[in-house]
Amino acid sequence: MSKTKLAVALLILGLIAAFFIFDFGQYFNFEFLKSRQAILNTYYREHPLVTAVVYTAVYIIATGLSLPGATILTLIAGAIFGLFWGAVIASVGATAGATVAFLLARFVLHDWVQSRFGERLKKINQGVKRDGAFYLFAMRLVPAFPYFIINIVMGLTPMRTWAFFWVSQVGMLPATIVYVNAGHQLSVLESPGDILSFGLIASFALIASFPFIARKLLALFQAGRVYKPFKRPKSYDRNLVVIGAGSAGLVSAYIAATVKAKVSLIEKNKMGGDCLNTGCVPSKALIRSAKFLNHIDRAREFGFKTATAEFGFADIMQRIRNVVQQIEPHDSVERYTQLGVDCIHGSAVIRSPFEIEVNGRTITTRNIIVATGARPFVPPVPGIEQTGYLTSDTLWELHEQPRRLLVLGGGPIGCELAQAFARLGSQVTQVEMSPRLLSREDPEISEILQQRFKDEGITVLTRHKAARFTIEQNRKISICENQESGEEVRIEFDQLLVAVGRKPDTRGFGLEDIGVTLNSNGTLAVNDYLQTNFPNIYACGDAAGPYQFTHTASHQAWYCAVNALFGRFKKFRVDYSVIPWATFTDPEIARVGLNETEAKERGINYEVTTYSIEELDRAIADSEAHGLVKVLTVPGKDKILGVTIAGARAGDLIAEYVAAMKHNIGLNKILGTIHIYPTFSEANKYAAGRWKHNHAPEKLLKWVQRYHTWMLK
């Protein structure tokens, strides 16, 4: 920082310090105003120009130095100058003062902040250059932060001074008028009874309601901007059109039909989406068959000398298809048509915020919900197209069991399928770039699973990256690179399963053509109400994120449907406070809320209580005595911050903690709840009991011990 900038900074700090040291704040309150009102009014009548200049100068200095008192100064303007001239003078003073603060921040801090944090601020700077005027107008009209913070922060950005000045002038004017009017009304009070005057009550009502009115005006202004290129239909064919018939789309359409709205549901592939056809349902059917074989392999644990099973891979795949067919009617066209949903098979193209084209016809609609889901991401590894690959979508087309299966990815999908195929008899190698499997979970949880995989014969290569694929003498080979040593590992395989994540399916059907905003990861950018930048276009499920779970998609769908159909009366913010999930490996791994890794990253204080399922009677009886229940609580309290369960039926056991967190029930209440013996659910009670034991009142118990000893005498 240059000497000049340092001198200016010290001068500003000195003036601010003097304001507080000499208690100039005493002149910026309503009592002082009323006590001097007659004198001020007389002086104004005799010297109107001088009074206006002095007042404006004081306002500029106070605002420019970010001193408290802007509100009382605005009220003073109404008391002295009246409504019209008060609004004019206060508005000029407020805008000029804000610009002075803006320029001072820019002169003293801008270069230092940008040089030190420029890379982190890159996106913010780009946003300000593109839409800075609108953002500033929104904050001025509905201040998300105090005005003085806005003045300083904007000075650190690339916003032009002239743009800052005129946007501030326009944006602050409505609030200035409201407060000037309140000051004018207060100035004419002659007796306590005047407090009930219509003018004063109306002024305070305006102050109270202004933020709500301003939000509505801002929403209309914003809508006007995005809708300007499009023509609204005179009437609409549908109240709602839903694109995508997966979990999110089905629930959205179901709710709309239930409340008697006219709704169309468009799906280009199969009803039920990924979850029914290629995801949750078939994978769990496969896992169940594989677990049965695992139990046969563990026959001696259950008291049998030997046990065998003959099976064909084709029979396993046929069972999976049968399971899907049994569930299909729940998501079928017939069922939803009976519910009142107009089901359309075809590819939707969004032509405008109000028009969707499908099968050569155009449907006009008041609202659109985009629930198009996601698809597997295939990394651009050299040679991968040559050797071929499977994904969680195409895996179910297999007719022969791969003898050697290579799985890329150590997330939930990769882990579930790797274990299932290993149990069916495939030789499985799993490659993961991260230091451990399931990197979102705590290290000891990953270790439990990784040890089980090792015991079951799965080769797990963590810290390895697939560098390239090749075919040598009709043999498929993957060359993987050790991320630590740099050494290459050659893996020969028959089939490759790519399970490194999923990317949202949000392109190719018109969203980008009409200007719907996408996030950097391809999801649709939505607000707390799941609206895109077009207020009548909503998004839920994998297309919106931030979670790629079927149950989260259904959860979001309720908010989308209700907000779309009834948002003009009341909108609901989507609630992500308690989101559970499970990985259906063996052992199952389920979680809700924080784990230790996340708590440390966020700097959240916590206590850990752990209960080993090895001690649980039912687990011992079932030969499933492995895993743990790990609970994070607020230090010294029983309030639950998060729970991780690794063990048999973890996906079911976690539900009790989900309900507890949702309804703010602590471990004491779980401990006081009767759990059937012998069941796995007792693990939750015993974990609560372990917490209680760790927080036993030792001093009180010593006195109780003395009491019992005394009673023996």
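Reader: Leaving aside neighbours within four places in sequence, which residues is Arg351 in contact with?
Author: This is a predicted model, so take the values as computed from it. Arg351 is in contact with Phe230, Glu357 and Ile514, once neighbours within four places in sequence are set aside.

Reader: Which strand is Arg351 in?
Author: Arg351 lies in strand 4, residues 349-352.

Reader: And is Arg351 buried, exposed or partly exposed?
Author: Arg351 counts as partly exposed, because its relative accessibility is 45%. The range for that label runs between 20% and 50%.

Reader: How far apart are Arg351 and Leu530?
Author: In sequence, 179 residues. In space, 21 Å from C-alpha to C-alpha.

Reader: New topic. How many helices and strands does the protein have?
Author: There are 24 helices and 21 strands.

Reader: What does the C-alpha trace span?
Author: Along the principal axes, about 110 × 95 × 60 Å.

Reader: What percentage of the residues count as buried?
Author: 47% of the 713 residues.

Reader: What share of the contacts comes from residues 24 or more positions apart?
Author: 65%, counting contacts with a separation of 6 or more.

Reader: Let's zoom in on a helix. Which residues of helix 6 are buried?
Author: Helix 6 covers residues 147-155. Its buried residues are Ile150, Asn151, Met154 and Gly155.

Reader: What about Asn294, where is that?
Author: Asn294 is in helix 11, residues 280-297.

Reader: Buried or exposed?
Author: Buried, because the relative accessible area of Asn294 is 9%, and the cut-off is under 20%.

Reader: Which residues does Asn294 touch beyond its neighbours within four places in sequence?
Author: Asn294 is in contact with Arg423, Glu456 and Asp586.

Reader: Now Thr709. Which helix is that in?
Author: Helix 24, residues 698-711. Thr709 is partly exposed, with a relative accessible area of 43%.

Reader: How far is Thr709 from Trp112?
Author: They are 71 Å apart in space, C-alpha to C-alpha. In sequence, Thr709 and Trp112 are 597 residues apart.

Reader: Switching to holes. How many cavities of 30 Å³ or more are there?
Author: The count comes to two.

Reader: What is the volume of the largest cavity, and what lines it?
Author: The volume of the largest cavity is about 40 Å³. Its lining is Pro376, Ser392, Ile413, Val498, Ala499, Val500, Gly501 and Arg502. By class, the lining of the largest cavity has five nonpolar residues, two polar and one charged.

Reader: And the second largest cavity, what's its volume and lining?
Author: The second largest cavity has a volume of about 30 Å³. Arg404, Leu405, Leu406, Gln427, Thr429, Ile491, Glu492 and Phe493 line it.

Reader: Last topic: backbone. What is the peptide bond from Gly545 to Pro546, cis or trans?
Author: Cis, with omega near 0°. Pro546 is in the loop between strand 16 (537-539) and helix 18 (550-566).

Reader: And from Tyr677 to Pro678, cis or trans?
Author: That bond is cis, with omega near -10°. Pro678 sits in the loop between helix 22 (667-671) and helix 23 (682-694).

Reader: Why point these out?
Author: Most peptide bonds are trans, and most residues other than glycine have a negative phi.

Reader: So what is the phi of Lys260?
Author: Near 70°, a positive value in a residue other than glycine. Lys260 is in the loop between helix 9 (247-258) and strand 2 (263-267). At 73% relative accessibility, Lys260 counts as exposed.

Reader: What about the phi of Asn474?
Author: Positive, near 65°. Asn474 is in the loop between strand 11 (464-472) and strand 12 (475-482). Asn474 counts as exposed, with 77% relative accessibility.

Technical notes: Residues are numbered from 1 along each chain as its sequence is written. This is a predicted model: local features need pLDDT of at least 70, side-chain atom pairs count only at pLDDT 80 or more; totals for chains, interfaces and linings use all residues. Side-chain values use heavy atoms; hydrogens and water are left out. Buried means under 20% relative accessible area, exposed over 50%, partly exposed in between (1.4 Å probe, protein chains only). Helices (H or I, at least four residues) and strands (E, at least two) are DSSP runs, numbered from the N terminus. On a 1 Å grid over the protein atoms alone, a cavity is a set of points where a 1.4 Å probe fits but cannot get out, and a pocket is an open set with protein on both sides within 12 Å along at least five of seven lines; lining residues have an atom within 4 Å of a point. Grid points are joined across faces, edges and corners, and a volume is the space filled by probe spheres set on the points. Ala, Val, Leu, Ile, Met, Phe, Trp, Tyr, Cys and Pro count as nonpolar, Asp, Glu, Lys and Arg as charged, and the others, Gly among them, as polar. Contact means heavy atoms within 4.5 Å.
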